[in-house]
Amino acid sequence: MALRDFGLLVLVCLVWASNNIVSKYVVSHLGLPPLFYAAVRFGLVAAATLPWLWPMPRPRWRLIVVALLMGGGNFALLFVGLKTSTPSAAAVISQLGVPMTTLLSMGMLGEKIHWRRALGIGLTFAGALAVMYDPKGFSISQGLLYVVAAAFAGSLGAVMMKQIEGVKPLQFQAWVGFASFWPLAILSAVLEPGQLGQGLSAGWPFFAAVLYSGLVVSVGAHTIYYFLIGHYEANLISPLTLMTPLATIALGVAIFHDPFGVRMAIGTIIALSGVLIIGLRGNQVMPLLLAIRNRAQ
């Protein structure tokens, strides 16, 4: 990989990691309703990518479902989860999307896996369970359950996306933003009364976070990422993108003082080792999955 492109990938991973921190700050420390935050973000993405909306790729129903799963469903569930979970724990639990996608690919795309990827799947689940484990007995926070659900939504969307051909990156971002904004806005209006007033009272930190998340992360970083996966093999990109969860953990500990003891360290090492094994072996949807897994997007 050229030094310039490696630098771009490092930048993308750092942007993704920082966005996890920004999202935690918005929904937890500013106290903004997560569905409202997701709706505003996707509204901004839709407005920024509007020129790429048409012509609509076919099959249209599948595109809408994929956009909702990878956009509104994935992000809304993640933001809800971040209200009560730490960015560090969420970064590790989000890795479950990798083995989930592999298993879904077997059922929906007829992929075959060998013992190495099976080992990676087992390690990833084992590492996630270690992070969830409470020495007083197995327990899992409700927030992390939402993170698991977000990982599944993104994984299912990634596998279904493989069955759609000819969708360009910015065109896909346009449909993710457009299709996700409307249901999230309606759900927020019903379930989160007073959200507009809360957003306005939060002031410039909220608006800065939305601009950063919508334009820098969703449009900028992902456009660069899709450029890179168009020029390099997935089994080269895959291990390097593990910089994102590692950077998220470092930022979470440094900024929010996330607890990171021996159990968390062991679980992280095991889970990321499993993801690395799966990524090195590759599968049909790995490049797209890497973007979903990292962009917390």
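Which residues does Gln195 touch, not counting residues up to four places away in sequence? In this predicted model, Gln195 touches Pro33, Phe36, Ser188 and Ala189 once those sequence neighbours are set aside. Gln195 is found in helix α9, and with a relative accessibility of 10% this residue counts as buried, because buried means under 20% relative accessible area.

**The protein as a whole**

The protein has 297 residues, and 53% of them count as buried. Its accessible surface comes to about 12500 Å², and carbon and sulfur atoms hold 72% of that area. When contacts with a separation of 6 or more are considered, 89% of them are accounted for by residues 24 or more positions apart.

**Helices α9 and α10**

Two packed helices are described by the angle between their axes and the distance between the axes. Helix α9 covers residues 195–202 and helix α10 covers residues 204–229, and the two pack at an angle of about 100° with their axes 5 Å apart. The two helices are therefore roughly perpendicular to each other, because angles of 65 to 115 degrees count as such. On the α9 side of this contact stand Gly199, Leu200 and Ala202, which meet Trp204, Pro205, Phe206 and Phe207 of α10. Sorted by class, the contact of α9 with α10 has six nonpolar residues, one polar residue and no charged residues.

**Helix α5 and the residue after it**

Helix α5 spans residues 97–109, and its buried residues are Gly97, Val98, Pro99, Met100, Thr101, Thr102, Leu104 and Ser105. Val98, which lies in this helix, is buried with a relative accessible area of 1%. After α5 comes Gly110, whose phi is positive, near 70°.

**Pairs of residues separated along the chain**

| Pair | Separation along the chain | C-alpha separation |
|---|---|---|
| Val98 and Gly279 | 181 residues | 8.3 Å |
| Leu11 and Tyr225 | 214 residues | 9.9 Å |

Leu11 lies in helix α1, which runs over residues 3–29, and at 44% relative accessibility this residue counts as partly exposed.

**The salt bridge**

Side chains of opposite charge can pair when their charged atoms come close. How many salt bridges does the count come to? The count comes to one salt bridge, and Arg4 forms a salt bridge with Asp5, in which the closest N and O atoms are 2.9 Å apart. That distance qualifies because a salt bridge is defined by a side-chain nitrogen of Lys or Arg within 4 Å of a carboxyl oxygen of Asp or Glu.

Technical notes:
Residues numbered from 1 in each chain as written. Predicted model: local features only at pLDDT ≥ 70, side-chain atom pairs only at ≥ 80, totals over all residues. Heavy atoms only, no water. Buried < 20%, exposed > 50% of the residue type's maximum accessible area, 1.4 Å probe, protein only. Contact = heavy atoms within 4.5 Å. Areas by Shrake-Rupley, 256 points an atom, 1.4 Å probe, with all protein chains shown as cover. Axes fitted to C-alpha atoms, helices over the stretch in contact; angles between N-to-C directions. Helix = DSSP H or I, 4+ residues; strand = E, 2+ residues; numbered from the N terminus. Parallel < 35°, antiparallel > 145°, perpendicular 65-115°, else oblique. Nonpolar A, V, L, I, M, F, W, Y, C, P; charged D, E, K, R; others polar.
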